[in-house]
Amino acid sequence: MASLIVQLSIVVIIAVNNNLLSKYGYETFASTGVAFGSVIPLAVVGIVMKVFGIVVSIVIGISLGGQPIIGFNMGAGNVERVNETISTITKIVLAIGTVFFLIFELAPDFVISLFGKNNSPEYTEYARLCVRIFLSGIILTCFIKSAAIMLQSLGKSGKSTLLALLRDVIVFVPSSIILALTSHNIVTMLWASLISDVISFVFAVIFIKGRK
C-alpha cells in the first residue's frame, strides 16, 4: 500500500496543480507585464513534474534495492546490519538529492532547455521560478521517499503509509490551495512544495530514529 501511494500521489499533485494554475494563471503577471495565462504554467509544471519523477524514481529504486537486506536482517535480529544498511541508503539518497539540488538552483535554464528551446520570455521566467522554488526541497524529498520505503521494510506499514501521504497529500494539497486562494498568484503557490517537504522531513526523522 505504501509503495502504491508513493506512485499515485504524483497524480494527486498534478490534478490539484492543474486546476489552480488554470484558474490563477491569468491573474499572475511576468516581469514583462504579460499574464502567464494557463498554457505556460501547465506546460512548465508538466515538465517539472517529469524531472521530479525521475529523481524520485532513482531514490525509490535504491531504497527498494536495500529492502530485502533490511527485512532479512530485521527478521534475523541482526540490528547492526539493519542500521548499517539504513545509514548507507540514507547517505546515497542525500548525496543524490544534493546533486540535483545544485543543478536545479544553479542551472535551471539547462533543465528547461532539455525540453525545448526558443521559448517566450514569460515561459522561461516561470519555468526558472518553478524549477528553483518547487524543487528547492529536493534533498528533503529524497530522504522522505526513502524513509517511507525503509519503514515498510522494518514492518512499520502504518508509519510508512502516513509518511507517503503526508508530503504529497495531507500537507501539500491544502498548502497549495491556501496559498493560491490567499495570494491569487501561481508563483506563491509553488512554495507549498517546500512547506510540505519541511514538515514531512521532521516526521520522517522522528519515525526513522524511533524505529526500534
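Helices here are DSSP runs of H or I with at least four residues, strands are E runs with at least two, and both are numbered from the N terminus. Keep that handy, then select I86, which lies in helix α3.

Some housekeeping before going on. You're looking at a predicted model, where local features need pLDDT of at least 70 and side-chain atom pairs count only at pLDDT 80 or more, while totals for chains, interfaces and linings use all residues. Residues are numbered from 1 along each chain as its sequence is written, and side-chain values use heavy atoms, with hydrogens and water left out.

**Stop 1**

**Stop 2: the core**

Next, show the largest nonpolar core, a set of 58 residues. A nonpolar core means buried Ala, Val, Leu, Ile, Met, Phe, Trp, Tyr and Cys residues joined through side-chain atoms within 4.5 Å. Colour V44, F104, Y126, C130, F134, L135 and L163, the residues with the most contacts inside this core. Helices giving two or more residues to it include α1 (2–24), α3 (79–106) and α5 (121–134). Which helix gives the largest share? That's α2, with 13 residues. As background, nonpolar side chains tend to be buried together in soluble globular proteins.

Zoom in on F104. Leaving aside residues up to four places away in sequence, F104 touches V51, V55, V111, V131, R132, L135 and I138, where contact means heavy atoms within 4.5 Å.

**Stop 3: the cysteines**

Select C130 again, then C142. C130 is buried, with 1% relative accessible area, and C142 also counts as buried, at 2%. A disulfide is counted for a pair of cysteine sulfur atoms within 2.5 Å, and a search of the whole structure turns up zero of them.

**Stop 4: α6 against α8**

Hide everything except α6 and α8. These two pack at an angle of about 40°, with axes 9 Å apart. The axes are lines fitted to C-alpha atoms, for helices over the stretch in contact, and angles run from 0 to 180 degrees between N-to-C directions. The crossing of α6 past α8 is left-handed, meaning that the near helix is turned anticlockwise from the far one by less than a right angle.

Show side chains: on α6, I138, F143 and M150 are among the residues in the contact, and on α8, D197, F201 and I208 are among those they meet.

**Stop 5: along α7 and past its end**

Pick L165 in helix α7, partly exposed at 29% relative accessibility. L165 and S200 are 35 residues apart in sequence but 9.4 Å apart in space, C-alpha to C-alpha.

Move on to P174, also in α7 and partly exposed, with 35% relative accessible area.

Finish at H184, in the loop between α7 and α8. What is its phi? Near 55°, a positive value in a residue other than glycine; most such residues have a negative phi. H184 is partly exposed, at 34%.

Methods
Buried means under 20% relative accessible area, exposed over 50%, partly exposed in between (1.4 Å probe, protein chains only).
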